[in-house]
Amino acid sequence: MIPFGFRGFRIPPTSLYLNGPFLSFTGHPEDAIVNVGGIATFTGYSVASHNEKGDGNVDGIIEYRWYDQNGPLTNGPNIVGAGSTILTISNISASQDRNLYLRSTYIPGGYASQKAFNSYKTTGKAVNSPLDSNVATLKVRPTITITLDPTTKSSPPGETATFSADASIDNTSYPLQYYWTLNGSVIPNSNSKSIEIEKVGTENDKVRFYAFTNFEGETITSSSAEADFIYIAPRSLIIFEAFSSSNSSLYSTQETNLDDGSFTLTDATFNSNYNIITFYPKEKNITLKMDISAARGSNNGANNGGQGGTSTVEIALTEDSEYTILGISNNSSVFVYEGSELLVAVGQGGNAGTSGNGGAGGGVDLAGANGSGTDAGAGGSRIAPGNLSLTGIHGSVLAGSGITLYPGDSIATSPAGGRAISCSRGTYWINQGISACSDNSGSPIKFRINDGTEISSSDAIIRGFKPGYTVTTTAGDGLTNGGDGGNGATGGEGGTAGAGGGGGSGYTNGVATIISSNLGGNVSATSSITFRL
């Protein structure tokens, strides 16, 4: 029998502990919110521990590196601790919003085993190395800068002033909102960079602009410098607006303060493209005098056109109500309307013929004068105050022009003159159901030209004038080298066989006070009105 033998095989000990440690964070970095230029500090800390109970502690080392969304951070002028457990970022700018985290990497070292007679063993790599911390956000409070402060405004009670301001924000991810205060109280519905404020009372006020945004549950606000809103006594301020009856792209405006002196309106104030001129008192009711001069008639060789009529009238103007002038831009007879109703007219002089002078135009409430020469044109006849009707006659100078007539209206036969109508009758407003002599609305509105197009730049006031049909070309047609008559409330008759045309007549509806009125008086070919208190 062969004896059995037993041999014991010893497994040689290894200095490497095959089961590596685990990394875990005992402290994660926390979110931070800072102001521009501020300092933020982030802290994180991890440990390595073995997974076998009672095997002692690992003695490898842990390396750290901070990261943001763009990659690993490095130390520099504004970053300290990029490779440590404490990261400090200074002089932070608005563009430095970041998502930050700390990465820990285990570097193996020795392992002291209590079971192996305290012999030295080497630990393996950590099972979960490298390990990242939770993400911490660095947010920078946006900075709001007031780029335009409101400026001082002055206004009388009842009038408005427009205040404007502006602001910017260094992080446009946060939209700006706005509000205004008046004497410290928030003005409702004032979320705008521009605001109209009505002056109330006689005290000076304080206006301020605010820009704000919502950021992480807090409201960040910046305010402008305070602007004064100063009370002034109502002025005798007249606003003039000029329009073309058929071209919506033409608009011009001018204002004058009659407290500073008189103002004269001529064709040079606005050019001849603007055939309608309106005016209104802006800050208070005004009683003013108007020195009205209609143009003289045209000369013909040695023969003179008739002088234009002249008048001074006194009119009580109502604040923010429309008054309209025709005949200035084309140097003709002058018609002044209150709302839609013809208030006063001053007649133009008749044209000279080859053998006779034109007749003078009549002032307010005066007939025109006859021309001179054989078969001279008769002056326009006087119409008693308030006696013009809505039925008109166009002057014979328009014979064959093809103009559209209202029912009942006509064109005079040469050489007769025509007759004006008492109120403007533009079809747009008539088609809206507004009667000819009524205001176009009961509340402030902007101006509309013939076809109803609104002139958006015009002021909103009480308006009544209805552009498009007025019957103001009333001159009679001269025949056989005779002069045409002058335009007026009734047109002068045209001269025949070289004789001069008659002057147009003036008119009043009885509302204006007539200070003076003259047959003729203006030797200029220019029509004008001088406004004075």
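This is a predicted model: local features need pLDDT of at least 70, side-chain atom pairs count only at pLDDT 80 or more; totals for chains, interfaces and linings use all residues.

Modeller: The mean pLDDT of the protein is 92, and 92% of its residues reach 70 or more.

Biologist: Where does pLDDT stay under 50?

Modeller: One stretch is residues 51–56, for which the model has 13 contacts beyond four places in sequence. Another is residues 111–121, with 28 such contacts.

Biologist: What makes β26 and β36 edge strands?

Modeller: Look at the order of the open sheet: β26-β25-β28-β31-β32-β33-β36, seven strands with antiparallel pairing. β26 (251–257) and β36 (507–508) each pair on one side only, and that is what puts them at the edges.

Biologist: How do you know that β28 and β31 pair?

Modeller: Pairing takes at least two bridges. Strand β28 (residues 276–281) and strand β31 (residues 323–326) have three, in the antiparallel sense. Threonine 278, for example, stands opposite threonine 324 in β31. Moving along the sheet, β31 and β32 run antiparallel and are joined by four bridges, with glutamate 338 in β32 as the bridge partner of tyrosine 323.

Biologist: And what links β32 to β33?

Modeller: Five bridges, again antiparallel, with β33 covering residues 341–346. Tyrosine 337 has leucine 342 in β33 as its bridge partner. The two strands form a hairpin with two residues between them, and glycine 339 in the turn has a positive phi of about 65°.

Biologist: Why is β32 called largely enclosed?

Modeller: Four of the five residues in β32 (residues 334–338) are buried, so the rest of the structure largely encloses this strand.

Biologist: Why is the pair of tyrosine 428 and tryptophan 429 called edge-to-face?

Modeller: Two checks. Ring centres must lie within 6.5 Å, and planes must be over 60 degrees apart. Here the centres are 5.0 Å apart and the planes are at 80°, so the pair is edge-to-face. By the pairing rule, the count comes to 18 aromatic pairs. Ring pairs also link Phe240, Phe263, Phe279, Tyr323 and Phe531 into a cluster.

Biologist: Is tryptophan 429 buried or exposed, and how do you know?

Modeller: Buried means under 20% relative accessible area. Tryptophan 429 comes in at 9%, so the label is buried.

Biologist: Then what makes serine 192 partly exposed?

Modeller: Serine 192 has a relative accessible area of 30%, so partly exposed is the label. This serine sits in the loop between β20 (185–186) and β21 (194–198). Leaving aside neighbours within four places in sequence, serine 192 is in contact with Tyr178, Trp180 and Phe209.

Biologist: How do you know that arginine 103 sits over the ring of tyrosine 67?

Modeller: The distance part of the rule asks for CZ of Arg within 6 Å of the ring centre. The charged end of arginine 103 is 4.6 Å from the centre of the tyrosine 67 ring. Arginine 425 lies over the face of tyrosine 406, at 4.1 Å from the ring centre.

Biologist: Which residues have the most contacts inside the largest nonpolar core?

Modeller: Met290, Ile325 and Phe531, in a core of 30 residues. Strand β29 (residues 286–293) gives the largest share, four residues. A second, separate core has 21 residues, including Ile195 and Val207.

Note on methods:
Residues are numbered from 1 along each chain as its sequence is written. Side-chain values use heavy atoms; hydrogens and water are left out. pLDDT is the predictor's confidence in each residue, from 0 to 100. Contact means heavy atoms within 4.5 Å. Rings of Phe, Tyr and Trp (its six-membered ring) pair if their centres lie within 6.5 Å; planes under 30 degrees apart count as stacked, over 60 as edge-to-face and the rest as tilted. Buried means under 20% relative accessible area, exposed over 50%, partly exposed in between (1.4 Å probe, protein chains only). A charge sits over a ring if NZ of Lys or CZ of Arg is within 6 Å of the ring centre and within 35 degrees of the ring normal. A nonpolar core is a set of buried Ala, Val, Leu, Ile, Met, Phe, Trp, Tyr and Cys residues joined through side-chain atoms within 4.5 Å.
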